[in-house]
Amino acid sequence: MAGEGQQGASMRTVVAASSAGTAFEWYDFFIFGSLAQVISKTFFTGLPDAAGYIAALALFGVGFAFRPLGALVFGKIGDQAGRKGAFLATVLLMGGATFAIAFLPTYQQAGIISPILLIILRCVQGFALGGEYGGAAIYVAEHSPSNQRGWSTSWVQTSAAFGLFGALMVIMITRSIVGLEAFDAWGWRIPFAVSIGLLGVSVWMRMKLTESPAFAAMKEEGQASKAPYAEAFGQWKNLKLVILAFLSMMCAQGAVWYTSFFYVQTFMEKFLKVDPVTINELMMTATAVSAIFYVVFGWLSDKVGRKPVMLGGMTLALLFYFPGFHVLEKAANPALAEASAKAPVIVVADPADCSLQFDPVGKAAFVTSCDIVKGALANAGVSYTNEKAAAGATAVMKVGGVEIVSQSAKGLAKPEVKAVKTGVETRIKAALAQAGYPAKADPARMNKPLILGVLFVFVIAATALFGPLAACLVELFPTRVRYTALSLPYHIGTGWVGGFVPFFAFAIVTAVGDIYAGLWYPVVFTLISVLVTAFLLPETKGRPLN
């Protein structure tokens with residue numbers, strides 16, 4: 001049967017070429033997510049710190065938002081013209097856009113043109129990656145023996161770990177060579193620029209591949225789909241599989257993976273005040289370990305089934321989100337945990353005086369007394385609770401027996417507004433310091449083994465879900481529309497749910513004032529998948545692909 005057995009060197013070449021190209025594309029994409037702090041300062045200079053950071057995270061998500069469009073375009077190409085050509089084109093698009101980012105002007109050099117150009121290139125990146133994953137996973141699965149599909153496709157899954165590890169390693173090496181100040185000024189361009197070499201290797205490897213045997217046989221028999229969109233989404237038998245794939249696997253995949261590998265970085269940097277170099281080292285260790293477990297869980301799914309392994313992973317994440325992040329605070333910044341317990345911050349304000357502290361485009365003024373207090377606390381990454389004050393009252397921040405009375409800047413000119421905000425923020429920072437709130441995490445008190453322990457639990461959850469996922473998705477859909485039907489739910493899940501995890505979680509925290517509030521975003525999506533997988537997803541292990 002076509003696609004049910006390519007052994008020996010041929011199979012190794014298929015897996016190596018598909019995984020290497022995918023790893024490169026993940027490297028390209030993850031450089032941006034890992035440099036959100038630098039990106040916010042370089043391309044969103046005109047925004048306040050919190051708004052600029054949210055804008056950078058939103059832009060990271062924009063690339064993901066375009067992935068479903070890429071999935072539809074390249075899915076149709078893959079189902080009609082062939083798997084190989086589709087994912088060869090994606091790697092060229094992705095690599096070119098990433099290389100171009102290295103030469104973009106900063107906001108100070110070109111003004112608004114700078115972020116506009118960056119947005120365009122991010123859209124191209126997302127569009128290209130939308131066609132990449134489905135092609136690589138399907139190509140490997142259609143070459144693999146049925147009893148080894150989980151193991152074979154898990155190498156495509158682990159390519160995400162290699163891509164992230166490579167991105168973190170290049171960033172860390174560049175920072176150590178040029179120094180932190182130079183890296184923030186211009187050194188951030190180097191990781192984007194070196195991607196041109198990786199692009200050359202990826203294209204060379206993929207040029208050596210031939211077409212998938214399952215697709216070649218279908219094409220020869222004249223059975224290739226002439227209308228992939230109509231078949232995949234216009235026929236209920238296929239559309240219900242698309243919906244099932246999204247709700248059962250992809251909601252959790254987006255939430256679990258991007259919380260475990262990306263939002264955790266945002267949380268440690270913005271709220272726990274951990275040094276970026278330390279975060280890179282910790283994440284590189286966790287990512288290196290994860291590379292092994294994708295393959296382990298892919299292999300395990302060949303033995304016991306896809307469903308129990310994936311369900312175990314998403315359930316573990318669901319149960320560990322809140323406990324894990326609480327332990328992370330105590331391990332990474334115990335002084336912050338102690339201060340929060342002994343001297344909780346309270347904001348007493350008239351609710352009518354308070355706006356939603358969420359401004360990704362930098363248009364809101366935030367000049368009321370409540371907004372100025374909460375904006376200062378958001379920039380400081382400190383949790384607070386709210387108490388209602390009398391109508392028209394000026395907002396007050398209480399911490400450790402000290403009260404800081406805010407000030408309104410309504411009706412003032414911009415320089416005066418800035419002076420008022422600076423004055424209030426200075427007094428708030430002094431009060432927080434007096435109450436024991438640290439400006440940065442103390443490396444001497446940091447419990448790195450415990451931090452790694454928390455990260456490893458999330459690694460197990462993410463890899464147990466992601467390792468068998470490619471095989472399950474491929475086995476769920478018919479060959480005629482597999483590329484199109486598989487790619488759309490995958491990229492809506494990873495793109496719209498996962499790609500926006502850091503953005504929405506950080507925005508929720510900024511709006512609510514609780515550093516743990518953002519975790520409700522991944523909790524909701526993971527819970528959906530746990531229930532749908534448990535009760536509706538069939539076992540697909542060993543299904544014939546033709």
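Ile-77 has a relative accessibility of 34%, so it counts as partly exposed. The cut-offs matter here: buried means under 20%, exposed means over 50%, and partly exposed is what falls in between. Keep in mind that this is a predicted model.

Where does Ile-77 sit? It is found in helix α4.

Now from the surface to the inside. The largest nonpolar core has 145 residues. Those with the most contacts inside this core are Met-249, Trp-257, Met-268, Leu-377 and Leu-469. Which helix gives the most to this core? That is helix α14, residues 236–271, with 18 residues.

Take Met-268 as one case from that list. If we leave aside its neighbours within four places in sequence, Met-268 is in contact with Lys-273, Val-274, Ile-279, Leu-282, Met-283, Leu-328 and Ile-451. There is also a second, separate core of 5 residues, and among them are Leu-88, Val-91, Leu-199 and Val-203.

Gly-21 lies in helix α1, residues 8–34. Is Gly-21 buried or exposed? Its relative accessibility is 1%, so Gly-21 counts as buried. Leaving aside neighbours within four places in sequence, the contacts of Gly-21 are Val-91, Glu-132, Ser-202 and Arg-206. Thr-90 is 69 residues from Gly-21 along the chain, and the C-alpha atoms of these two are separated by 9.6 Å.

Next, charges. Side chains of opposite charge can pair when their charged atoms come close. How many salt bridges are there in this model? The count comes to 5.

I will start with Arg-306. Arg-306 forms a salt bridge with Asp-302, and the closest N and O atoms are 2.8 Å apart. Arg-306 has 0% relative accessibility, so it counts as buried. Asp-302, at 11%, counts as buried because that value is under the 20% cut-off.

Arg-306 has another partner. Its side chain meets that of Glu-475 in a salt bridge, at 2.7 Å from N to O. Why say that this pair ties together parts that are apart in sequence? Arg-306 lies in helix α16, residues 306–332, and Glu-475 lies in helix α21, residues 469–476, so the pair ties together parts 169 residues apart in sequence. Both Arg-306 and Glu-475 are buried. To put the names together, Arg-149, Asp-302, Arg-306 and Glu-475 are linked in a network of salt bridges.

One more pair, Glu-425 and Lys-429. These two form a salt bridge, with the closest N and O atoms 3.8 Å apart. Both lie in helix α19, residues 414–434, and because they are 4 residues apart there, about one helical turn separates them. Are they buried, partly exposed or exposed? Glu-425 has 22% relative accessibility, so it counts as partly exposed. Lys-429 has 49%, so it also counts as partly exposed. Both values fall between the cut-offs of 20% and 50%.

Notes. Residues numbered from 1 in each chain as written. Predicted model: local features only at pLDDT ≥ 70, side-chain atom pairs only at ≥ 80, totals over all residues. Heavy atoms only, no water. Helix = DSSP H or I, 4+ residues; strand = E, 2+ residues; numbered from the N terminus. Buried < 20%, exposed > 50% of the residue type's maximum accessible area, 1.4 Å probe, protein only. Core = buried A, V, L, I, M, F, W, Y, C linked by side-chain atoms within 4.5 Å. Contact = heavy atoms within 4.5 Å. Salt bridge = Lys/Arg side-chain N within 4 Å of Asp/Glu carboxyl O.
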